[in-house]
Amino acid sequence: MTGEDSADIAHEASEVKEKNEAIEKNGSVSAVGEEPKAFIKGKRRSEQEAQVKAGKQKGQLPKKRFYRARAHSNPLSDCQFSVPTTPSEFDWSESFPEFFAQEETTGDKDLKVRFADIGCGFGGLIVQMSPLFPKTLMVGMELRDKVSEYVKERIVALREQHPGQYENISVLRTNAMKYLPNYFEKGQLTKMFFLFPDPHFKEKNHRRRIISTALLAEYAYIMAVGGILYTITDVQELGEWMKAHLDAHPLFHPLTDEELEKDVCVPLLINATEEGQKVERNGGSTYKAIYRRIAGLGNIGA
Ligand SMILES: C[S@@+](CC[C@H](N)C(=O)[O-])C[C@H]1O[C@@H](n2cnc3c(N)ncnc32)[C@H](O)[C@@H]1O
């Protein structure tokens, strides 16, 4: 067995441990656990769907245990969901109805998503950032359907519970490794978050990692000059990988300690994310790499 294999096994084992803890706590499997067969067919499924419906009563926050999902999805495999051909084709008014209704009256024609949380999981970060940046539209992007469904329901419930709030956040089920330029124009995003991305320990799976030389070029394209890209992980080797790739990219520059100190989003990387809170509870270490999108030589003086 290689070191990578044992790291994968350790990672899986920690997920199984969490699943067992969730079973003890909730009487069912947590959303981080693998989808049990009982959910896929038979009576249990309809029972669970009824429970999900029940949980959808007006203003009620969804319960994670009714949104069971596989622990991981393969980001390189094809999924069945529709994707806009170009960013202008996508109708964001469905994601942010209040803002787009106001657009009619204010005449603001520049309503665009500015923050993207890539692999948003259960949406903790965008929920916490919403009141901090009330005028900024932000989207969580998530590959797993049940997890993105959970976030959607969470936002609906928050909007119902707090009228006029949480109108600036939304979630999309998509594969961010493949389709970001289908949603965002050149220079559109001012913040991108990659928080506790799947580690893909085995070397043969490193091509599934969400930070890579090729993908950083894509992120640089959709980010505004001056925009900030945040990464954090509890896997040291992945932390070093993300830092090394960002250091090597000519369009990203690390934030100074002073800039990190002032940035209100930095504490949220741990406090607001489900994965960050888990690491905190377990007393684990985290590895951050936070970089600014800088102008390329071709942009200087432009
Ligand atoms: C370990 S979780 C972290 C969730 C969240 N960022 C947090 O910190 O709590 C990684 C998430 O990224 C999602 N993911 C992985 N690859 C993705 C992709 N290509 N596009 C969108 N989401 C992806 C996974 O489904 C998973 O929910």
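**Fold and ligand shell of the predicted model**

Seven strands are arranged as an open sheet in the order β3-β2-β1-β4-β5-β7-β6, with mixed pairing; two strands are taken to pair if DSSP finds at least two bridges between them. The edge positions are held by β3 (169-173) and β6 (252-254), each of which pairs on one side only, and the twist averages 20° from one strand to the next, where axes are lines fitted to C-alpha atoms, for helices over the stretch in contact, and angles run from 0 to 180 degrees between N-to-C directions. The structure is a predicted model, in which local features need pLDDT of at least 70 and side-chain atom pairs count only at pLDDT 80 or more, whereas totals for chains, interfaces and linings use all residues. Residues are numbered from 1 along each chain as its sequence is written.

In the protein as a whole there are twelve helices and seven strands, these being DSSP runs numbered from the N terminus (helices H or I, at least four residues; strands E, at least two). Of the 302 residues in the protein, 32% are buried; a residue is called buried if 20 or more other C-beta atoms lie within 10 Å of its own, exposed if 12 or fewer, and partly exposed in between, with C-beta atoms placed from the backbone. Among contacts between residues at least 6 apart in sequence, 77% join residues at least 24 apart, a contact being defined by C-beta atoms, placed from the backbone, that lie within 7 Å.

Strands of a sheet pair through backbone hydrogen bonds, either parallel or antiparallel. Strand β2 (residues 137-142) pairs with β3 in the parallel sense, over five bridges, and Glu142 stands opposite Arg173 in β3. Leu143 is located in the loop between β2 and α6 (145-161). This residue is buried because 23 other C-beta atoms lie within 10 Å, and, when residues up to four places away in sequence are not counted, Leu143 touches Ser73, Pro75 and Asn175.

The ligand is surrounded by 23 residues, of which Pro75, Gly119, Gly121, Thr273 and Glu275 are the closest; a residue is assigned to these surroundings if its C-beta atom, placed from the backbone, lies within 6 Å of the molecule. By class, the shell around the ligand consists of eleven nonpolar, seven polar and five charged residues, where Ala, Val, Leu, Ile, Met, Phe, Trp, Tyr, Cys and Pro count as nonpolar, Asp, Glu, Lys and Arg as charged, and the others, Gly among them, as polar. At least two residues of the shell are supplied by each of β2, α7 and α12 (274-281), and α12 gives the most, with three residues.

Glu275 lies in helix α12 and counts as buried because it has 21 C-beta neighbours inside 10 Å; its contacts, leaving aside neighbours within four places in sequence, are with Gly121, Leu195 and Phe196. Lys178, by comparison, is placed in helix α7 (residues 176-183) and counts as partly exposed because it has 16 C-beta neighbours inside 10 Å.

In UniProt, an unreviewed entry places the feature "binding site" at Gly119, Glu142, Leu143, Asn175, Ala176, Leu195, Thr273, Glu274 and Glu275; UniProt positions are given in the numbering used here, feature names are shortened, and annotations may be inferred rather than shown by experiment. The unreviewed entry also lists residues 210-232 as "transmembrane region". Over residues 210-232 the chain is 43% helix and 43% strand, with the end C-alpha atoms 12 Å apart.

Technical notes
Two residues are in contact if their C-beta atoms, placed from the backbone, lie within 7 Å.
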